[in-house]
Amino acid sequence: MIDSKEKIKLEKEFISLLLLYKDLVADWQESSLSIKYFDESHDSILRAIRHSFDNDVLLTRKTFSSFLNKKTTNIMVIQSQVYLFIVINMLNVKSDDYPDLINKRDEIKGFFIG
């Protein structure tokens, strides 16, 4: 059984890959691994990744801040989400890790649902 700390770590690693590779975002969108399987703290960043992808770009800190500013005026929420973005974006995850995560879709859903 995966504990909540490991669950969050795995989600962040997965999201990190989505920040770096548009082809992985496309693959994720076509998979059955929807946002509902992730911790709600990652909801905004995942929605912003999807929004950026729909605009044919990768999500950056600047575009994430703009996305958040359109959704809320709560400065604390914006700051905490931007901080989360920075933490995730700094993870040292390689695209070669993606197939292992996505091929274990049922297991991923299990630890993402928590």
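Trainee: Why is Asp56 called exposed?

Mentor: Its relative accessible area is 54%. Residues under 20% are buried, those over 50% exposed and those in between partly exposed, judged with a 1.4 Å probe and protein chains only. The value for Asp56 is over 50%, so the residue counts as exposed. Please note that this is a predicted model, in which local features need pLDDT of at least 70 and side-chain atom pairs pLDDT 80 or more, whereas totals for chains, interfaces and linings use all residues. Residues are numbered from 1 along each chain as its sequence is written, and side-chain values use heavy atoms, without hydrogens or water.

Trainee: What makes the backbone of Asp56 worth a remark, and where is Asp56 found?

Mentor: Its phi is near 65 degrees, a positive value in a residue other than glycine. Asp56 is found in the loop between H3 and H4.

Trainee: How many helices and strands does the chain have, and how are they defined?

Mentor: There are seven helices and zero strands.

Trainee: What is meant by the largest nonpolar core, and which residues have the most contacts inside it?

Mentor: A nonpolar core is a set of buried Ala, Val, Leu, Ile, Met, Phe, Trp, Tyr and Cys residues joined through side-chain atoms within 4.5 Å. The largest one here has 29 residues, and those with the most contacts inside it are Phe14, Leu18, Trp28, Ile45, Leu46, Ile49 and Phe64. H1, H2, H3, H4, H5 and H6 each supply at least two residues of this core. Leaving aside neighbours within four places in sequence, Leu46 is in contact with Ile15, Leu18, Trp28, Ile35 and Phe38.

Trainee: Why are the buried residues of H4 said to line one face of the helix?

Mentor: In H4, Phe64, Ser65, Phe67 and Leu68 are buried. Seen down the axis of H4, the buried residues fall within an arc of 160 degrees, so they line one face; the arc is that of the directions from the helix axis to the C-beta atoms. The face turned away from this buried side carries the exposed residues Lys62 and Lys70, while the cover of the buried residues includes H3 and H5.

Trainee: What makes H1 and H5 roughly perpendicular?

Mentor: They pack at an angle of about 85 degrees, with their axes 8 Å apart. Axes are lines fitted to C-alpha atoms, for helices over the stretch in contact, and angles run from 0 to 180 degrees between N-to-C directions. Angles under 35 degrees count as roughly parallel, over 145 as roughly antiparallel, 65 to 115 as roughly perpendicular and the rest as oblique. The pair is therefore roughly perpendicular. The contact is made by Lys12, Ile15, Ser16, Leu19 and Leu20 of H1 and by Leu84, Phe85, Ile88 and Asn89 of H5.

Trainee: How do you know that Met90 counts as exposed?

Mentor: Its relative accessibility is 65%, which is over the limit for exposed residues. Met90 is in the loop between H5 and H6.

Definitions and conventions. Helix = DSSP H or I, 4+ residues; strand = E, 2+ residues; numbered from the N terminus. Contact = heavy atoms within 4.5 Å.
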